[in-house]
Amino acid sequence: MATERTLSIIKPDATRRNLTGKVNACFEEAGLRIVAQKRLHLTQAQAEAFYGVHRERGFFKDLVAFMISGPVVVQVLEGEGAVAKNREIMGATDPAKAAPGTIRKLFAESIEANSVHGSDSAENAAAEIAFFFAGIEIVG
Ligand code: ADP
Ligand code: MG
């Protein structure tokens, strides 16, 4: 499998509980490299744009409010099959359904406050990385 990059976000529930390092350890222990990272406090417009694909979903308004409720850490993860590997490391959207040892099983508070975002395809990963990072900020 080829080396890929994927966009990850450590969400406000996790930054609030000071879990950035523990979440990052999960990525690194699984063989993903953090090749870009920054801490941001998203504006409403930024969160709405990032989650635009979910605009029609019932949870959209709450999701945006949650995502701007505190700082996030946005990051680019690199490694073999990084998109699928990160989804595995994260676990299912609903922590009640997430496999043991996954970030969401270990740390998530609820289906909404589920600690991490990860791109779901190579195509979306490229768009999501470009949303937050300039090429010069990514150091592989
Ligand atoms: P994932 O983050 O696993 O790719 P989705 O793309 O379906 O999941 O949803 C985006 C985010 O929206 C989720 O990570 C979660 O924070 C929130 N979300 C998803 N489904 C629900 C739901 N039923 N109720 C509340 N929030 C939800
Ligand atoms: Mg998704």
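A polar contact is a pair of N or O atoms within 3.5 Å; within protein, one must be able to donate a hydrogen and the other to accept it, and residues adjacent in sequence count only if both atoms are side-chain atoms. This is a predicted model, in which local features need pLDDT of at least 70 and side-chain atom pairs count only at pLDDT 80 or more, while totals for chains, interfaces and linings use all residues. Residues are numbered from 1 along each chain as its sequence is written, chains are lettered from A and ligands numbered from 1 in the order in which they are written, and side-chain values use heavy atoms, with hydrogens and water left out.

Select Arg87 first, where a polar side-chain atom lies 2.8 Å from an oxygen atom of ligand 1. Taken alone, ligand 1 exposes 530 Å², and the protein buries 80% of that (accessible areas come from the Shrake-Rupley method with a 1.4 Å probe; for residues, only the protein chains shown count as cover).

Now show the residues around ligand 1 (those with a heavy atom within 4 Å of it), which include Lys11, His54, Phe59 and Glu112.

Finally, select α7 (122–132), which gives the most to the lining of the largest pocket, with 4 residues; helices (H or I, at least four residues) and strands (E, at least two) are DSSP runs, numbered from the N terminus.
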